[in-house]
Amino acid sequence: MAEDSGRSNPIKGVVEGVKGVAKQAIGAVSGSELLVREGRAQAAQASGYIPSAPGAQPPEKDEPTTPHPPLPPKPDQVAPELRTATGAPVEGPDTARGQQDEYLTTGQGVRLYDTDHSLRAGERGPTLLQDQHFREKITHFDHERIPERVVHARGAAAHGVFRANGAAEKICKAGFLKSGTETAVFVRFSTVLGSRGSSDTVRDTRGFATKFYTGEGTFDLVGNNIPVFFIQDGIKFPDIIHAGKPHPDREIPQAQSAHDTFWDFVSLHTEASAHTMWNMSDRGIPRSYRTMEGFGVHTFRLISADGTTSLVKFHWKPRLGVHSLVWEEAQIAAGVDPDFHRRDLADAIESGAYPEWDLGVQVFPDNPEQTFEGIDLLDSTKLVPEELSPVQIIGTMQLNANPTNFFAETEQVAFCTSHLVPGIDVTDDPLMQARLFSYLDTQITRLGGPNFAQIPINRPHAAVNDMLRDGFHQHGVHPGVAPYQPNSLDGGCPFMAGADTGAFIEAPVALPASTKRRANPASYDDHFSQATLFYRSLSPIERSHVIGAYAFELGKCYEQAIKERTLAVLARIDTELCEAVAARLGLEAPVPATPPVAPAASPALSQVGGQWPVAGRRIGILTDANSDIGDVAAAVASITAAKVVPLVFAAHGGTLQHEGAPVPISRTYFTGRSIEVDAVLLAGSPDDTNARIIVDEAFRHLKPIGVLPPGSKLLAAAGVSLDAPGVFADSGGSEIVESLIGGLAQHRVWERVVAG
């Protein structure tokens with residue numbers, strides 16, 4: 001059809017040009033030869049770049065009036081790959097699915113001359129029913145919301161690429177695990193209990209769900225940041241979620257477990273003890289999605305090219321290390337920046353500090369008992385210590401592009417544990433078996449029917465011929481007359497595939513003689529040893545955080561019986577833990593009928609120790625009118641060179657002027673807070689209460705502090721000694737910055753002891 005000569009094509013010209021630059025910068029998303037490892041925005045940072053710009057270009061002060069095509073997405077953003085509903089690639093710009101015309105139109109493409117006034121009978125008369133634009137606009141608005149997820153409603157996501165290193169080829173025939181193969185991914189992180197509008201930094205389990213768009217079909221690895229689960233059997237999932245959600249009469253508290261119904265359930269349902277212990281640890285309040293481990297939770301069965309099977313557990317290992325907030329930080333962030341984790345992930349990607357994770361597996365023999373070193377591999381409340389079965393790295397994932405549209409991508413993405421590819425199969429874990437049904441079932445309601453896989457973010461990157469027809473929101477236009485098998489009217493198509501043509505074939509697992517019953521095996525009866533293992537593997541400061549978390553959560557419970565019952569559970573886990581929590585609650589520590597077991601510690605479970613990359617971390621530079629701006633500029637340059645993000649604080653917005661280029665101010669003392677940075681450099685001593693609070697909090701939160709000469713008065717005003725651990729002052733500016741960055745590599749100044 002000829003193009004309408006009366007209307008311009010808005011997806012050409014400037015849009016294609018800008019998007020071309022964006023796609024080149026983040027080419028890994030569409031299959032670049034190598035992972036992009038260097039931050040592409042370092043030069044911009046050096047010149048004062050600050051992430052979080054709301055649009056693709058700065059706005060003019062006056063309202064624009066000259067028509068032009070819609071602006072492209074920001075350079076850090078991409079949309080789902082252009083594919084048909086049946087997986088065929090489509091040529092065209094990424095903006096082809098976005099708004100097209102430079103003029104406002106109806107949903108049918110008719111241009112409009114006014115959208116500020118409804119059509120009325122006279123200047124002061126009633127609105128007319130014939131106002132189609134009014135009716136379309138309001139009706140669509142009334143139906144914009146879809147049901148939020150029952151769990152994992154609050155989330156953030158990013159595009160990226162996974163590159164296999166070939167280490168899994170001997171145990172798994174999946175094509176995306178072959179050496180050098182690059183696979184586009186979309187990853188969604190989330191909390192579990194809170195609603196869409198809740199805070200990011202609440203104490204909760206985090207979801208870590210990865211969609212691999214492989215050439216053999218979509219594989220969804222739907223995991224958490226905790227390797228064990230609350231329950232052993234999926235039939236209990238409604239119970240644990242009902243207990244953890246807000247009380248049904250008052251709908252409080254939101255997004256937290258510090259209330260009676262949660263602790264009532266887990267103190268009675270003691271198989272939840274290990275997961276609860278993890279949640280009360282620092283793992284329950286991660287510093288960032290970028291510094292969070294991920295676990296497949298369940299045991300999977302991998303099938304090799306020759307049919308040999310192995311049992312495995314999947315692990316995501318963040319290259320930045322595993323780091324958490326301290327409890328006060330989490331509480332402050334929930335108030336002053338509820339989007340703390342969302343913003344951190346998006347800003348890091350926009351800044352070019354692309355987060356990376358290594359994907360690894362623990363491999364176990366596929367024996368008839370499906371156990372390893374006495375641990376039942378089908379029990380999702382238990383982990384296998386890495387000292388017994390080391391994690392073998394099989395590839396690396398990099399997240400390097402933000403979504404173009406949150407609703408279209410992050411909200412509508414549909415993960416299903418049943419989305420498997422040849423070479424990866426399930427086991428008889430009763431929790432996994434329930435999830436195979438539940439995830440598929442929930443998408444049908446939430447996304448309006450069975451065709452949710454045709455939504456752009458869910459479309460496979462493999463050819464689809466499923467014989468599924470019709471239903472709400474059907475995007476496919478299927479030719480032929482015989483969507484059934486067998487048929488001859490469509491020439492017999494589609495045909496059945498075999499092992500040699502890429503069919504998914506379940507592993508032929510022999511089943512022992514059995515009787516139908518509702519019961520767990522005896523190996524599921526141990527509810528406490530894994531909680532003890534985790535607690536005793538932590539460092540002393542991490543244990544103190546666990547004690548504080550239990551005391552806080554139980555202190556929020558109203559019923560005394562629930563507190564006493566939980567103490568009885570803790571007595572079965574660790575005597576020291578039980579006594580410390582009881583003391584804070586003002587209760588007697590019970591004596592357990594069965595003393596706690598004493599498993600060997602697993603050092604891999606502790607976050608303390610080691611050195612980690614610092615890329616993407618933040619250092620706040622506090623200034624005042626007496627600061628040496630040349631020293632500030634030099635510090636900004638040194639920090640940026642280390643791939644760390646400098647945030648300059650001042651009493652006002654704008655820039656700091658000196659003989660060189662002006663230094664942009666990132667935060668004022670009125671808008672900034674210590675939680676935004678991982679270390680502080682005092683380059684001035686402002687007479688400002690908020691500045692003193694920043695220093696005080698940074699010290700109490702065990703963050704490194706650097707002090708240039710003009711900042712010594714501020715340090716003293718905050719009550720911090722120059723001799724305190726992690727305070728760097730007796731050297732030049734470059735050495736102090738170097739010391740700060742060295743402190744960041746340990747995440748916190750763990751040797752610093754802070755009262756309270």
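Predicted model: local features only at pLDDT ≥ 70, side-chain atom pairs only at ≥ 80, totals over all residues.

Colleague: Where does Thr106 lie, and which residues is Thr106 in contact with?

Modeller: Thr106 is in the loop between strand S1 (77-78) and helix H3 (132-142). Once neighbours within four places in sequence are set aside, Thr106 is in contact with Leu112, Gln132 and Glu136.

Colleague: Which residues does the annotation "domain: Catalase core" cover?

Modeller: That annotation comes from an unreviewed UniProt entry, and it covers residues 105-493. In the model, the end C-alpha atoms of residues 105-493 lie 42 Å apart. The span is 21% helix and 21% strand.

Colleague: How should I read a nonpolar core, and which residues have the most contacts inside the largest one?

Modeller: Such a core is a set of buried nonpolar residues joined through side-chain atoms within 4.5 Å. The largest one here has 48 residues, and those with the most contacts inside it are Trp263, Met277, Tyr550, Leu577 and Val581. Helices H4 (237-244), H5 (260-268), H6 (273-280), H11 (529-536), H12 (540-555), H13 (560-573) and H14 (575-585) each supply at least two residues of this core. H13 gives the most, with six residues.

Colleague: What does Trp263 touch?

Modeller: Leaving out residues up to four places away in sequence, Trp263 touches Ser257, Ala258, Thr276, Met280, Tyr550, Glu553, Leu554, Cys557, Ile562 and Thr566. There is also a second, separate core of 38 residues, which includes Phe162, Phe189, Leu221 and Ile349.

Colleague: How is a pair of aromatic rings described?

Modeller: By the distance of the centres and the angle of the planes. A search of the whole structure finds 24 aromatic pairs. Take Phe189 and Tyr289: their ring centres are 4.9 Å apart and their planes are at 10 degrees, so this pair is stacked. The pair links distant parts of the chain, 100 residues apart. Phe189 is in strand S3 (residues 182-191), while Tyr289 is in the loop between H6 and strand S6 (294-295). Phe189 and Tyr289 are buried.

Colleague: Why is the pair of Phe364 and Phe372 tilted?

Modeller: The centres of the two rings are 5.0 Å apart, and the planes of Phe364 and Phe372 are at 50 degrees, so the pair counts as tilted. Both Phe364 and Phe372 are buried.

Colleague: Which rings are linked into a cluster?

Modeller: Ring pairs join Phe162, Phe176, Phe189, Phe208, Phe212, Phe219, Tyr289, Phe300, Phe314, Trp316 and Trp357 into a cluster.

Colleague: Which ring does the charged end of Lys211 sit over?

Modeller: The charged end of Lys211 is over the ring of Phe415, 5.1 Å from its centre. Another case is Arg543, which lies over the face of Tyr535 at 5.3 Å from the ring centre.

Colleague: How many residues has helix H10, and what does H10 pack against?

Modeller: One way to read a helix is to set its reach beside the expected span. H10 (residues 430-446) has 17 residues and reaches 25 Å from its first C-alpha to its last, close to the 24 Å expected at 1.5 Å a residue. The buried residues of H10 are Leu431, Met432, Arg435, Gln443 and Arg446. These buried residues pack against strand S5 (217-224), strand S7 (300-303) and helix H9 (407-411).

Colleague: What about the backbone angles?

Modeller: Most residues other than glycine have a negative phi, and most peptide bonds are trans. Gln485 and Pro486 are joined by a cis peptide bond, with omega about -5 degrees. The bond from Cys493 to Pro494 is also cis, with omega near 5 degrees. Pro486 is in the loop between H10 and H11, and the place of Pro494 is in the loop between H10 and H11 too.

Colleague: Where do His152 and Ala255 lie, and what is the phi of each?

Modeller: His152 is in the loop between H3 and strand S2 (155-164), with a positive phi near 65 degrees. His152 has a relative accessible area of 16%, so His152 is buried. Ala255 is in the loop between H4 and H5, and phi of Ala255 is positive, near 55 degrees. Ala255 counts as buried because its relative accessibility is 2%.

Definitions and conventions: Residues numbered from 1 in each chain as written. Heavy atoms only, no water. UniProt positions renumbered as here; feature names shortened; annotations may be inferred. Helix = DSSP H or I, 4+ residues; strand = E, 2+ residues; numbered from the N terminus. Buried < 20%, exposed > 50% of the residue type's maximum accessible area, 1.4 Å probe, protein only. Contact = heavy atoms within 4.5 Å. Phe/Tyr/Trp six-rings, centres within 6.5 Å; stacked < 30°, edge-to-face > 60°. Lys NZ or Arg CZ within 6 Å of the ring centre and 35° of its normal. Expected span 1.5 Å × (residues − 1).
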